[in-house]
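I opened a new structure today and want to get my bearings. These are my notes on what I looked up, step by step.

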Amino acid sequence: MSCFMMRVTTVGGVPQVCDARSRGTREETSIGRRAAMFVVVGATGNTGSAVAETLLNQKQAVRVVVRSADKGVPWKAKGADVAVASLDDGTALAKAFEGAAGVYLLVPPNYGAESWLADQRQRMDRVAEAVQKSGVEHVVFLSSVGGHLHGGTGPIRAASYGEQALGCLAKRLTILRPCYFMENWMPSIGMVKQHGVLPTFIAPSVKISMISTKDIGRIVAEHLIAGGRGKQVVEMAGPVEYSPEEIASALGHILGKTVTAQHAPLSAVVPTFKAFGFSDEAARLFEEMYAAFSAGTIHYEQPASVVRGRVTLAEALKEFLKAE
């Protein structure tokens with residue numbers, strides 16, 4: 001899914017008083033280690049793998065955090081250090097972050113959790129505490145477009161909570177707010193090939209911002225290497241906006257067949273997502289998100305300064321079809 005993942009007035013379980021003296025001490029004692037190493041959480045996912053690949057291609061030292069040793073084998077072969085840690089194990093995470101010049105952080109969702117928002121908040125609290133314990137100075141956090149909004153944004157609420165939880169614990173915090181991932185269309189490729197239909201909960205003619213995870217990886221790597229400054233928000237989009245109709249047309253052109261965007265009603269969101277194994281709460285949050293997009297209430301905080309990616313929709317779709 002996309003990074004459409006809340007803004008709250010309190011952050012449960014995360015200390016909100018930051019001791020400037022202790023942070024300064026960490027900065028002084030870690031200068032010699034900064035040459036260092038960039039830690040990538042979620043290296044087996046779309047954005048994490050793009051970040052790790054980009055850094056390795058630029059001859060940077062990389063440590064990937066994976067849930068099991070076998071998932072780290074391909075990365076070790078590419079020259080990355082491997083740390084095995086679960087997002088539910090704050091101690092192991094803190095150890096994985098130690099000595100890093102910067103950490104790329106996202107909190108992969110467990111969409112099967114019955115109390116989904118509470119589960120995401122708890123996991124974010126543990127991750128934030130690991131950041132604090134490790135003393136890592138720069139965190140690049142994957143949030144979402146609309147991360148600044150107070151509510152009514154569905155699963156994006158969890159990303160907003162993450163922004164708050166990390167707000168005073170990271171010495172330097174770069175918040176990334178991408179829009180809809182181009183990769184979100186990959187699960188529909190089979191239906192497109194078989195039936196010439198592209199199902200969508202977005203109105204076929206409505207243009208929305210979409211970005212490739214390759215662009216996200218490049219932008220993350222740039223910010224990690226630069227080192228960050230204070231708290232910074234980076235809002236991102238692809239080269240231009242696209243509608244589902246344009247996606248269907250592009251797929252049809254590549255495949256040499258007619259492809260039609262088929263608009264599904266919002267009432268179908270919950271049963272569809274529950275069929276994918278989502279809990280009732282998680283499915284209803286996605287219904288809330290799609291309704292908000294339809295109403296135009298999810299938007300960028302600073303639209304004039306959005307960073308544009310380079311990968312076009314046509315390029316991304318060709319890659320998806322090759323992978324099928």
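Predicted model: local features only at pLDDT ≥ 70, side-chain atom pairs only at ≥ 80, totals over all residues.

**Sheet first, then a helix pair**

I started with strands β1 (residues 37–41) and β2 (residues 61–66): they run parallel and are joined by 5 bridges. I picked Phe38 and looked for its bridge partner in β2, which turned out to be Val62.

Next I traced the whole sheet. It is open, has 8 strands and pairs in parallel fashion, in the order β3-β2-β1-β4-β5-β6-β10-β12. Which strands stand at the edges? They are β3 (81–84) and β12 (307–308); each has a single partner strand, so one side of each has no neighbour in the sheet.

Then I checked what α2 does here. I found α2 lying across β1, β2, β4 (102–105) and β5 (138–142), and its direction is at about 160° to β1.

Last, I looked up how α2 (residues 46–57) packs with helix α8 (residues 213–226). The angle is about 55° and the axes are 8 Å apart. The two helices are therefore oblique to each other, and I noted their crossing as right-handed.

Who makes the contact? From α2 I listed Asn46, Thr47, Ala50, Val51, Thr54 and Leu55. From α8 I listed Thr213, Lys214, Ile216, Gly217, Arg218, Val220, Ala221, Leu224 and Ile225. Sorted by class, the contact of α2 with α8 has 8 nonpolar, 5 polar and 2 charged residues.

Key:
Residues numbered from 1 in each chain as written. Heavy atoms only, no water. Axes fitted to C-alpha atoms, helices over the stretch in contact; angles between N-to-C directions. Helix = DSSP H or I, 4+ residues; strand = E, 2+ residues; numbered from the N terminus. Parallel < 35°, antiparallel > 145°, perpendicular 65-115°, else oblique. Left-handed = near helix turned anticlockwise from the far one by under 90°. Contact = heavy atoms within 4.5 Å. Nonpolar A, V, L, I, M, F, W, Y, C, P; charged D, E, K, R; others polar. Pairing = 2+ DSSP bridges.
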